[in-house]
Amino acid sequence: MTLSDVLKPGLDVLFCGINPGLMSASRGRHFARPGNRFWPALHLSGFTPRRFDPSEQDELLDLGLGITNLVARPSARADELTAEELRAGGERLTEVAREHRPRFVAVVGVTAYRTAFGRKAAKVGPQPEPIASSRLWLLPNPSGLNAHYRLADLAELFGELRSEVAQTG
């Protein structure tokens, strides 16, 4: 099963995950695994007025937020994806951004972004190059498997993006 994008034209931020995990794919919801920190980080950073459940993902559209993935194929771990899949996903993401014109695209997954776009030295935060006409921001993967970042760290980094979105509104 593939996940449908949460998407409409003119969003403030389009969040782009790496690919659906097996639980997300089976439930038809983005970031559905209980240990995933996307939804708590989104709330703690001020993007949402409360912590949303993955079943409420479509309500993000009313807040100017959306979700897509680089790769549609579900897997247990992101490191199961091939470089070719990630590069094709980067091309697809560029087309989605060109068509829907979000103000910002935020890729949540540093290693996947580096591979998809050939930016080996990319670091978390704003990126110098846009994606289509959208400003590009890089955030850590919120998966519970990413032990490099605590929830508080993720919330702070998501909050930096939220502040930039508010300042350029």
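Analyst: A pocket here is an open set of points on a 1 Å grid over the protein atoms alone, where a 1.4 Å probe fits and protein lies on both sides within 12 Å along at least five of seven lines; lining residues have an atom within 4 Å of a point. The model is predicted, so local features need pLDDT of at least 70 and side-chain atom pairs 80 or more, while totals for chains, interfaces and linings use all residues. Residues are numbered from 1 along each chain as its sequence is written, and side-chain values use heavy atoms, without hydrogens and water.

User: Which residues lie nearest the centre of the largest pocket?

Analyst: They are Ile18, Ala78, Asn141, Ser143 and Leu145, out of 37 lining residues.

User: Which helix gives the largest share of that lining?

Analyst: Helix H4 (110-117) does, with four residues. Helices are DSSP runs of H or I with at least four residues, strands are runs of E with at least two, and both are numbered from the N terminus.

User: Now strand E1: is it enclosed or open?

Analyst: Strand E1 (residues 13-17) is largely enclosed by the rest of the structure, because five of its five residues are buried, meaning under 20% relative accessible area with a 1.4 Å probe, protein chains only. Val13, Phe15 and Gly17 cover one side, and Leu14 and Cys16 the other.

User: What does E1 pair with?

Analyst: Pairing requires at least two DSSP bridges between two strands. E1 runs parallel to E2 (residues 65-69) over five bridges, with Leu14 opposite Gly66. E1 also pairs in the parallel sense with E3 (residues 104-108) over four bridges, where Val107 is the bridge partner of Cys16.

Key
Buried means under 20% relative accessible area, exposed over 50%, partly exposed in between (1.4 Å probe, protein chains only).
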